[in-house]
Amino acid sequence: MPDLKCTAKNCINNYDSLCALTHIKVEGMHASSESETCCFSFSDHSSSFTNSVSDFTAYAAPETTVNCDAHKCVYNDSNICKAESICVHGDGAQECHETECASFKEK
Ligand code: SF4
């Protein structure tokens, strides 16, 4: 389970560059670069609240389970991210496709 840092300050789950969700989903089935990935769990402050309560921790902790379909990434093991730490970038993002997993590394 990687330590997750995230720069998507517009996301409702972002607390001090940590994520309040216990697990997130990263998309990028055909990704060959980080810009072709995105955090599917991003939820803009202005949009309605859609995450289930069970996804939340009482506080934002670094360790986050990451389900990821970016198969070409070296850290991807059967749709689970095995990196020690990752960073999701999303400065100014207003939707999930404006975020990316900056730790993507092609096999
Ligand atoms: S580092 Fe690779 S496997 Fe882990 S979330 Fe990012 S793209 Fe997916």
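Two remarks on the source are in order. Residues are numbered from 1 along each chain as its sequence is written, and side-chain values use heavy atoms, with hydrogens and water left out. Because the model is predicted, local features need pLDDT of at least 70 and side-chain atom pairs count only at pLDDT 80 or more, while totals for chains, interfaces and linings use all residues.

Let me turn to the chain as a whole. The protein chain has ten strands and zero helices; both are DSSP runs numbered from the N terminus, helices being H or I of at least four residues and strands E of at least two. Of its 107 residues, 40% are buried, that is, under 20% relative accessible area, with exposed meaning over 50% and partly exposed in between (1.4 Å probe, protein chains only). Among contacts with a separation of 6 or more, 67% link residues 24 or more positions apart, a contact being heavy atoms within 4.5 Å.

Next, the sheet. Three strands form an open sheet in the order β1-β9-β10, with mixed pairing; two strands pair if DSSP finds at least two bridges between them. Its edge strands, each pairing on one side only, are β1 (3–6) and β10 (100–101). Strands β1 and β9 run parallel and are joined by four bridges, with Lys5 opposite Cys87. Strand β9 (residues 85–89) and β10, in contrast, run antiparallel over two bridges, and Val88 has Cys101 as its bridge partner.

Ile24 and Val26 lie on its covered face, and His23, Lys25 and Glu27 on its uncovered one. Strand β4 pairs with β6 in the parallel sense over four bridges, and His23 stands opposite Thr65 there. Two bridges also join β4 to β5, antiparallel, with Glu27 opposite Cys38.

The largest nonpolar core has 24 residues, of which Leu4, Ile24, Val26, Phe42, Val66 and Ile86 touch the most other members. Such a core is a set of buried Ala, Val, Leu, Ile, Met, Phe, Trp, Tyr and Cys residues joined through side-chain atoms within 4.5 Å. Two or more of its residues come from each of β1, β4 (23–27), β5 (38–39), β6 (65–68) and β9. Beyond its neighbours within four places in sequence, Ile24 contacts several residues, including Leu4, Cys39 and Val66.

Finally, consider Asp44, in the loop between β5 and β6. Is Asp44 buried or exposed? Asp44 counts as buried because its relative accessibility is 10%. Leaving out residues up to four places away in sequence, Asp44 touches Asn10, Ala93 and Gln94.
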